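Here are my notes after a pass through the model, as numbered points. Have the structure open while you read.

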Amino acid sequence: MNAGDTVFVLISAALVMLMTPGLALFYGGMVRSKNILGTLMQSFVILGIITVEWVLWGYTMSFGPDHGGLIGGLNMFALNGVGMAPSPDYGSTIPQLAFMIFQCMFAIITPALIAGAFAERMKFSAFILFTLLWATFVYNPLCHWVWGVGGWMGKLGALDFAGGTVVHISSGISALAAALLVGRRLGYGTTAFIPHNLPMTLTGAALLWFGWFGFNAGSALAANGLAASAFVVTHIASAVGALSWIIFEWIHRGKPTTLGVASGAVAGLVAITPASGFVGPMSSIAIGFLAGAFCYGGVLLKTRLGYDDSLDVVGIHGVGGTWGALATGLFASTEINPAGANGLFFGNPVQLWIQFVSVIATMVFAFVMTLIILKVVDKVVGLRITEDEERMGMDTSIHNEAGYTY
């Protein structure tokens, strides 16, 4: 084992953990004041739900011995055999426990991202049940497909350094399914849903940006040059994404907004995630710039199509994750990471096709499975709060609390 690598991965895990409370603030500032606690609660309770799920069966389903390229076996149920010794397959210089807890933080934030699509209207009981089922039947298999030894996407050659398909496309497409099935908020299309606290949203975006260094650089699983490269391109893409978004917003709407610069920064982070361990700084500029443009367009698209994705999960994570995965097939270079592959712009057009296949497979699987899970949850506990509860707000009707006292 290497002490430096172990410390680096543990610190990275702590940074990724902070991203979920950061997401709570990012989302919380965008909802109405009567729903602030209900929105914060969703992210915080996931820290508990998914930690238990991951320790008991999530980790072994994701990284256990392969079964047909589709799922890991239950050999490591309840962390059986997962201890302080390194794993030859997952970070050979760090304790397997360090790898396990690092990956746990990824499993936590992914379903939390989906919550932005049905913000302000889902039952808390439905949210808990949906989160548990989605993690088990969507996240864990996808994780094994891409990162587990023997997973079919990994064997195909799909490149996903830190979670473009596993985290962002899966959550973005699942968010679309949820927005369609749960339905619109009361008054959608006729009432202005104005964010109640944009300073909170900016604070959340800053924490996401900060934690994302652990997300991407930590995925090198070692304190080495690849981690440094992933760190640098992560920052560049986020910075360029923030600028790109407000440029297009300024041209389109006449004014640059604080919500726009925060959204653009997150869009850049999303898009660079799968590519972060395979591309250089100049490529990250292109990825970040187009992420701002594509994701801004993706957010505008929801008004034309009429679905109520409350906090733009589809536009940012779905569109940004898709662009990032495809961009990896364009800009990847073995000069950055010899363990990867060259992309189209470095003489290997096949890699772009492999990335395309992985994107489509992730979309279809996540969308169909999410619809099925939501149908089950609706039958068991019902999906939505009542109209009176929605008018009152989740804070009072669900949690019997108030975020603010006037």
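1. Let's start with Gly320, which is buried, given a relative accessible area of 0%. Bear in mind that this is a predicted model. Gly320 sits in helix α11. Setting aside residues up to four places away in sequence, Gly320 touches Val270, Ala271, Cys295 and Gly315. Against Ser43, the separation is 277 residues in sequence and 21 Å in space, C-alpha to C-alpha.

2. Asp312 lies in the loop between α10 (281–305) and α11 (313–331). Its phi is near 65 degrees, a positive value in a residue other than glycine. Asp312 has a relative accessible area of 12%, so this residue is buried.

3. Glu120 belongs to the loop between α3 and α4. Is Glu120 buried or exposed? Its relative accessibility is 1%, so Glu120 counts as buried.

4. Now the helices on either side of that loop. The axes of α3 and α4 come within 10 Å and cross at roughly 125 degrees, which makes α3 oblique to α4. The crossing of α3 past α4 is right-handed. On the α3 side, the contact uses Gln103, Phe106, Ala107, Thr110, Pro111 and Ile114; on the α4 side you'll find Phe130, Thr131, Trp134, Tyr139, Cys143 and Trp147. Split by class, that contact has nine nonpolar, three polar and no charged residues.

5. Gln103 is the residue I'd click on next. Gln103 is placed in helix α3 (residues 96–114), and its relative accessibility is 6%, so Gln103 counts as buried. Which residues does Gln103 contact, leaving aside neighbours within four places in sequence? They are Trp54, Phe63, Tyr139, Cys143 and Trp147. Trp54 and Phe63 are among the α2 residues that meet α3, while Tyr139, Cys143 and Trp147 are among the α4 residues that meet α3. Gln103 itself is listed on the α3 side of the contact with α2 and on the α3 side of the contact with α4.

6. That brings in α2. Helix α2 (residues 36–63) and α3 have axes that come within 8 Å and cross at roughly 125 degrees, so α2 is oblique to α3. This crossing is right-handed. From α2 come Ser43, Ile46, Leu47, Ile50, Thr51, Trp54, Tyr59 and Phe63; they meet Gln96, Phe99, Met100, Gln103, Cys104, Ala107, Ile108, Pro111 and Ala112 in α3. By class, the α2 and α3 contact residues divide into 13 nonpolar, four polar and no charged.

7. Next, the other partner of α4. Helix α4 (residues 124–147) packs with helix α12 (residues 349–380) at an angle of about 155 degrees, their axes 9 Å apart. Angles over 145 degrees count as roughly antiparallel, and α4 and α12 are therefore roughly antiparallel to each other. The crossing is right-handed. The α4 residues involved are Ala126, Leu129, Phe130, Leu133, Trp134, Phe137, Val138, Pro141, Leu142 and Trp145. Facing them in α12 are Thr362, Phe365, Ala366, Met369, Thr370, Ile373, Leu374, Val377 and Val380. The class tally for α4 with α12 is 17 nonpolar, two polar and no charged residues.

8. With 0% relative accessibility, Leu374 counts as buried. Neighbours within four places in sequence aside, Leu374 is in contact with Met122, Phe130, Ala177, Ala178, Leu181 and Leu383. Its C-alpha atom is separated by 44 Å from that of Glu335, 39 residues apart along the chain.

9. Finally, the core. Which residues touch the most other members of the largest nonpolar core? Out of its 108 residues, they are Phe26, Tyr59, Phe118, Tyr139, Phe215 and Ile287. As for Phe215, leaving out residues up to four places away in sequence, Phe215 touches Val16, Met19, Phe102, Phe106, Ile109, Ala162, Val167, His168 and Thr273.

Terms used:
Residues are numbered from 1 along each chain as its sequence is written. This is a predicted model: local features need pLDDT of at least 70, side-chain atom pairs count only at pLDDT 80 or more; totals for chains, interfaces and linings use all residues. Side-chain values use heavy atoms; hydrogens and water are left out. Axes are lines fitted to C-alpha atoms, for helices over the stretch in contact, and angles run from 0 to 180 degrees between N-to-C directions. Helices (H or I, at least four residues) and strands (E, at least two) are DSSP runs, numbered from the N terminus. Angles under 35 degrees count as roughly parallel, over 145 as roughly antiparallel, 65 to 115 as roughly perpendicular and the rest as oblique. A crossing is left-handed if the near helix is turned anticlockwise from the far one by less than a right angle, and right-handed if clockwise. Contact means heavy atoms within 4.5 Å. Ala, Val, Leu, Ile, Met, Phe, Trp, Tyr, Cys and Pro count as nonpolar, Asp, Glu, Lys and Arg as charged, and the others, Gly among them, as polar. A nonpolar core is a set of buried Ala, Val, Leu, Ile, Met, Phe, Trp, Tyr and Cys residues joined through side-chain atoms within 4.5 Å. Buried means under 20% relative accessible area, exposed over 50%, partly exposed in between (1.4 Å probe, protein chains only).
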